[in-house]
Amino acid sequence: MKTSRTLLCLALSAVLLLGIAHAAPVRDERKLDIETDDSLTGFLSTVMSGAYLKDIGRLAEGEAPSQGLVEAVLGVYEYHMLGPGKAELTAEECRDLYGSFFSAGAFEMPREGDCPCVTVEGDRLVMDLEELDETVLCGAYVYESKTEGELVALKADLYTAWGYYLTPALEIPDEDLTWYCGAEILLKKASGTAFGWQLVSYTLGTPYRDGTMSLWPTYENAGMGVSMNLPGSLKLTGEEADKVTWQDDGAGVTLTLERLPGRSFEEGKALLEGMEGYTLLQEEFDTLMRTGGEKARVVFCAEYMDFTYCLTLTYPGERAEEWSLYAEILRNSFGIWGLSNG
């Protein structure tokens, strides 16, 4: 699932075979003002792992981070630099590292650590990093960024993957990847710091319910000649010749798959009318999509296809961030593998 969708049309006497190579299960990159390089990846992985480990969902602009968040971030950084073992940092080293991660406040040596793995011995902060060798850490897949002077606002999906710390989501096998939640992050450019950035603020969304990709089953429909991967919470509630329906267990999510009369790519745009949000039109892949509000729709159509296939997701507004991601994963996993050609 690491290549872009490809539609291969073979001129066979009785069958039109559409072979679709699956893309990685990530959200499309939107407008990116900055490059997601190793420095940004390392910075975001460190600070977001700290937030994840301490379950701290928000840091307001101008707010000094809590002692727990500071210790978690410094611990993850030292673990990355030294591996498991013990890290001992002087007060001066802590102050320098604090300034490499946070834009507000200043480091003050506490009387005692926030957790048993951190102790204070005189003017030294001692961190036992052994537990981090057995702990899943966090990464950030940035899909949108906007620069205003020294500040950069990011939108990202956070993910966890055992054994893949600092690995981009695109390089992690699907079965090992778990999408954790959405995040809005504000950074400040800061030359001379460890990564060239400081954290100004962040807000984490509600944890994703179906983010574990290994729990997505594969659905195949021989009558329609299609297959796709589905979020684990969706259960089949109706299956007709040209329409299939899934719903979750009372959380207000519905997915429908419809097989409609064939139409051209241009005609397929009418199926997106009346919807708002992010729009993707990929005529070279016979794919149209719109996600926004409480609804997402993906359409597959082309003049040479006998049928049009339409996926429609409806979901509560408070889960839009999660399910708009899933709509894109559904699009990438959708395979049309056998159609009658008259």
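1. A friendly place to start is the lining of the largest cavity, which has eight nonpolar, four polar and no charged residues (Ala, Val, Leu, Ile, Met, Phe, Trp, Tyr, Cys and Pro count as nonpolar, Asp, Glu, Lys and Arg as charged, and the others, Gly among them, as polar). This is a predicted model, where local features need pLDDT of at least 70 and side-chain atom pairs 80 or more, while totals for chains, interfaces and linings use all residues. Residues are numbered from 1 along each chain as its sequence is written, and side-chain values use heavy atoms, without hydrogens or water.

2. That largest cavity holds about 50 Å³ of space (on a 1 Å grid over the protein atoms alone, a cavity is a set of points where a 1.4 Å probe fits but cannot get out, and lining residues have an atom within 4 Å of a point; the volume is the space filled by probe spheres set on points joined across faces, edges and corners). Its lining includes Ser45, Cys138, Tyr159 and Ile172. Both β6 (138-148) and β7 (151-160) supply at least two lining residues each (strands are DSSP runs of E, at least two residues, and helices of H or I, at least four, numbered from the N terminus).

3. The second largest cavity has a volume of about 30 Å³. Among the residues lining the second largest cavity are Leu255, Arg297, Thr312 and Leu330. Two or more lining residues come from each of β17 (295-300), β18 (307-314) and α5 (320-333). By class, seven residues of this lining are nonpolar, one is polar and one is charged.

Terms used
1 Å grid on protein atoms, 1.4 Å probe; cavity = no way out; pocket = protein on both sides within 12 Å on 5 of 7 lines; lining within 4 Å.
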